[in-house]
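Here are my notes on this entry, as numbered points. Please read them with the model open.

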Amino acid sequence: MKKIVVATKNEGKVKEILAAFQKLPVELLTLKEFGSLPEAVEDADTFEGNARIKARFYAERTGCACLADDSGLEVEVLGGAPGVHSARYSGRHDDAANNEKLVAELQKRGAVESAAAFRCVLVLHDADGTELISEGTCVGRVRQESRGAGGFGYDPYFYLASGKSLAELTVSEKQAVSHRGAALRLMAAQMKERLT
C-alpha cells in the first residue's frame with residue numbers, strides 16, 4: 001500500500017483529505033507522525049506555487065510521496081484579496097483575527113457582502129519526482145455576518161447560493177460543494193488511474 005504524507009497541520013483539512021481518499025489503496029500519514037519538522041516557506045505568488053513548495057519540501061524530509069494544498073479566499077470587492085495570503089491575512093495564522101480583518105475591510109468599503117470564490121490547488125509530489133496537480137473552485141458571497149459552527153477559516157462568512165454558509169454544512173455536504181472537495185475528487189481520480 002502506497003504511503004502518502006498529508007502536508008498540513010490543519011486538522012480540518014486532514015479530515016477532508018482522509019474522507020476523500022478512503023477508497024484508494026493508500027495509507028495517509030500526517031506530519032505529526034514525523035516529529036518536529038520545520039515549516040515550509042510558502043513564498044510563491046500563486047496557490048499552485050505554494051502547494052508545490054510544500055509538497056516538495058515535506059517529500060524531501062519524510063522520504064514519502066507528499067500531498068500538499070494551498071487554498072484561499074478571493075473577494076471581488078477587495079481586488080482578489082486575501083488570495084494567497086488568506087491563512088495569514090491578519091499578519092498571523094489565526095482564524096478569528098483573519099475573519100475580523102475580512103469584516104473590517106468590507107466595512108471600509110461600505111460592502112455588506114461581495115461576490116467571492118474559494119480556490120484550492122493540490123500537488124502530489126511522488127518519491128520518483130513526478131507530480132499530479134488538481135484544482136477546484138467554489139463560488140459564493142462573503143458577508144459581514146457569520147453563521148454556523150462547523151468548518152474552519154472563513155467558512156462562517158462564506159455563503160452559497162442556497163443561503164447557507166459553509167460553516168452550516170456537515171463535512172460530507174461541504175465536501176460535495178467546496179473548492180477542496182472538487183480538487184480532491186480530481187486528485188483521487190488521477191491517483192486511482194495511476195495506482196491501478
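1. Start with the side-chain pair D70 and N50. A polar contact of 3.2 Å joins the two side chains. Keep in mind that this is a predicted model.

2. D70 carries two records. UniProt gives the annotation "active site" at D70, from an unreviewed entry. The feature "binding site" is also placed at D70 by UniProt, again in an unreviewed entry. Both labels come from the record, and such annotations may be inferred rather than shown by experiment.

3. Is D70 buried or exposed? Its relative accessible area is 6%. D70 counts as buried, because the cut-off for that class is under 20%.

4. Which residues surround D70? Leaving out residues up to four places away in sequence, D70 touches E42, T46, F47, N50, A51, K54, V84, R119, C120 and V121.

5. Now the strand. D70 lies in β3, which spans residues 65-75. This strand belongs to an open sheet of six strands, ordered β2-β1-β3-β4-β5-β6. The pairing in the sheet is mixed.

6. Look next at the β1 and β2 pair. Strand β1 covers residues 2-6 and runs parallel to β2, with five bridges between them. Within this pair, V6 stands opposite T30 of β2.

7. Two helices deserve a check against the sheet. Helix α2 (residues 47-62) packs on the sheet and touches β1, β3, β4 (113-125) and β5 (131-143). The direction of α2 makes about 155° with that of β3. Helix α3 (residues 95-108) also packs on the sheet, with contacts to β3, β4 and β5. For α3, the angle to the direction of β3 is about 30°.

Conventions
Residues are numbered from 1 along each chain as its sequence is written. This is a predicted model: local features need pLDDT of at least 70, side-chain atom pairs count only at pLDDT 80 or more; totals for chains, interfaces and linings use all residues. Side-chain values use heavy atoms; hydrogens and water are left out. Helices (H or I, at least four residues) and strands (E, at least two) are DSSP runs, numbered from the N terminus. Buried means under 20% relative accessible area, exposed over 50%, partly exposed in between (1.4 Å probe, protein chains only). Contact means heavy atoms within 4.5 Å. A polar contact is a pair of N or O atoms within 3.5 Å; within protein, one must be able to donate a hydrogen and the other to accept it, and residues adjacent in sequence count only if both atoms are side-chain atoms. Two strands pair if DSSP finds at least two bridges between them. Axes are lines fitted to C-alpha atoms, for helices over the stretch in contact, and angles run from 0 to 180 degrees between N-to-C directions.
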